[in-house]
Amino acid sequence: MVQFEVTVNVEGGLHARPAALLVNCSSQSQSKITLSKGTKHADGKSILGIMTLGVSQGDTLTVQIDGADEQNVATAIQQLLEQSS
Amino acid sequence: MLKGIPVSAGISIAPVLRLTHETAITQAESTTSVDTTQELGLLSKSVEQAREQLEKLKEQTEEQLGSEKAAILSAHIAFLDDPAFVGEMSALIENQQLAASAAVSQVADQFIALFESMDDAYMKERADDIRDVSRRLIRNISGGDTVISYPEEPFILVAWDVTPSETLQLPLQHVRGIVTAKGGATSHAAILARSLGIPAVMGAGDTLMEKVDSGSLLIIDGTTGQLIVSPDADTLATYQEKAAQEEKERQLYEAIKELPAETTDGHRVHLMANMAVPEESDALIASGVEGIGLFRSEFLFMDRSTLPDENEQFAAYKHVAAAFGDKPVIIRTLDVGGDKHLPALALPQEENPFLGFRAMRISLARPELFLVQLRALLRASAFGRLLIMFPMISHLEQLREAKRLLEQAKAELRAEGIAFDEKIAVGMMMEIPGACLQADAFAKEVDFFSIGTNDLVQYTLAVDRMNANIAELYSYYHPAVLRLISQVIEASHRAGIWTGLCGEMAGDPLATKLLLGLGLDEFSGAASVMPKVKERIRSTSVEEAKQLAKHVLTLSTVDEVVQYLKDKAL
């Protein structure tokens, strides 16, 4: 299992469009992906779950990835969340 | 009198059609069921039905209203695929023996509550999408009617809220307005109403439904948000007058839609539109624009961690080129840096980003990336009428280097036997004062100029356009900006090339006559404002415009210019 913290830099936070990008990325993976903000958790493959975390730009997320391709997925997700636009 | 949030301009007067369907989804009669298998079957059947309905509606919407609006329905379909949505419903049925409709309603209510509790207005509006999809699922489960029957005569829809898919199913020939108790300016219904030109007032409050009955006459003013139920004779007459005036304008714009942008004495200019994403193509073509004056290629590069390769770029440019056929599409090469960051390029943080490493400066520093874009553009040019435009050029050497790389890309394609438009036109943005002052030299080496007023004002007046403290200094009516524009146009005409203008100024009707008088050949702005610009052009003579421009160039302050233009507009 991989776990890391990331500061979300996406402009305007995780709205529908960036959330959809994230889901696209997670859904291609066999791993189980969980995003946590404080005490709230969301399935990385659920667009609604991610949107309802209410992630704003500058928020810190904890990402947990468990599965065969966890290392690759971790890199991709980290990049996605750290990019600024 | 009732008042709401004005979300789509215009006045409407018509009888009310009141829809009283539920606001909450909680309408499941029996909450538990003994037959879990049956309920799971009902749910999955309903989801499949919903998917088919949405796919069909999406197809219709795409045909009638363009792919941008159809994207709303894609989002709804995505919810059906979301494990936290349908998956959660199935789990409730299995674990708590809930009836299918009760499970839908429970999950939907959770998400609605979550979205509505969020601070962000945009996220609050997403509750609408959940409501929409959930209602559809419940109607499918109960075998209810998914189609509302509308009257065959004009009406104003009054409802608690209107879901996006309901908006898309409204009979456009009869609906004259939309009023809702809930919702706001960023809801899908509001966006749709605006793009369809239907006056709308939203968020009028919970008392709306009590105060308005089906059949009563209603006046809505989508510009002020005012609602007048059963108006007296005087009020009615006033608003009828206003509505008639609006209708006259609208008809005028519609009547000149197919006519050229030509002055009363036969001088012809071209009205184009700016475009951000290829999905806008259909709507823009339907609106009657002559072509695209500015297509920003940045959209392909944003929101991603890797750069688009040649084939991906080619596909996007080709789509637009083919959609517009023989209408020109001016594609601007990558214009990032400044306020637009690009993760994949890992640009350094800068003290003065707008004076720094951006646009053409990046393309020339990274020719291997620039060549990919040029090759993609050239390949796409075989499928329509593309023009290439270079941004942020200040030095002649930059233009020459960019053109050299273009020639290199052409030579590569020739060697590979790949088709492209050998005569593809090449232009440059005029947005740096230094380049404007040297326009005569540049004019000898390009096919056209396009003045970018947003940056030109910023650089000419040394005013950061994002800084609210100095916003009042920012104006394209500043005499210095006008002189530069005038010089650029004159230099282009002396060299036998044409000049366009893309930027807010092109869509400002107050500036139309002035720009025409300065000799501008092409105007490119938001498609929604161009009918007004066309009307201005068609109602003046080029002689009159030239006199006006000549006088404006003698004025010394922004206020004097604006006042003079306002006086002359009357």
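Let me start with the loop between α17 and α18 (479-494) of chain B, where B:A462 is found; helices here are DSSP runs (H or I, at least four residues), strands are runs of E of at least two, and both are numbered from the N terminus. In this predicted model, local features need pLDDT of at least 70, side-chain atom pairs count only at pLDDT 80 or more, and totals for chains, interfaces and linings use all residues. Residues are numbered from 1 along each chain as its sequence is written, chains are lettered from A and ligands numbered from 1 in the order in which they are written, and side-chain values use heavy atoms, with hydrogens and water left out.

B:A462 has a phi near 55°, a positive value in a residue other than glycine. Is this residue buried or exposed? Its relative accessibility is 67%, so B:A462 counts as exposed; the term means over 50% relative accessible area, while buried means under 20% and partly exposed in between, with a 1.4 Å probe and protein chains only.

A positive phi, of about 50°, also belongs to B:Q97, which is not a glycine. B:Q97 sits in the loop between α3 (86-96) and α4 (100-116) of chain B, and with 37% relative accessibility it is partly exposed.

I turn now to the annotated sites. Under "binding site", an unreviewed UniProt entry lists B:R296, B:R332, B:N454, B:D455 and B:R465. UniProt positions are given in the numbering used here, feature names are shortened, and annotations may be inferred rather than shown by experiment. From this set, B:R296, B:R332, B:N454, B:D455 and B:R465 belong to the lining of the second largest pocket. On a 1 Å grid over the protein atoms alone, a pocket is an open set of points with protein on both sides within 12 Å along at least five of seven lines, and lining residues have an atom within 4 Å of a point; a cavity, in contrast, is a set of points where a 1.4 Å probe fits but cannot get out.

B:R332 lies in strand β12 (residues 328-332) of chain B and is buried, at 5% relative accessibility. Leaving aside neighbours within four places in sequence, its contacts (heavy atoms within 4.5 Å) include B:R296, B:E298 and B:M429. B:N454, in helix α17 (residues 453-461) of chain B, is partly exposed, with a relative accessible area of 24%. With the same exclusion of neighbours within four places, B:N454 is in contact with B:R465, B:Y474, B:G503 and B:E504.

For "active site", the unreviewed UniProt entry gives B:H188 and B:C502. Of this set, B:C502 is part of the lining of the second largest pocket. B:C502 is in strand β16 (residues 498-502) of chain B and is buried, at 5% relative accessibility. Beyond neighbours within four places in sequence, B:C502 contacts, among others, B:N274, B:L294 and B:M429.

Finally, chain A. Helix α1 (residues 16-27) and helix α3 (residues 70-82) of chain A pack at an angle of about 175°, with their axes 10 Å apart. Axes are lines fitted to C-alpha atoms, for helices over the stretch in contact, and angles run from 0 to 180 degrees between N-to-C directions. α1(A) and α3(A) are therefore roughly antiparallel, since angles over 145 degrees count as such, under 35 as roughly parallel, 65 to 115 as roughly perpendicular and the rest as oblique. The contact involves A:L21, A:L22, A:C25 and A:S26 of α1(A), and A:A76, A:I77, A:L80 and A:L81 of α3(A).
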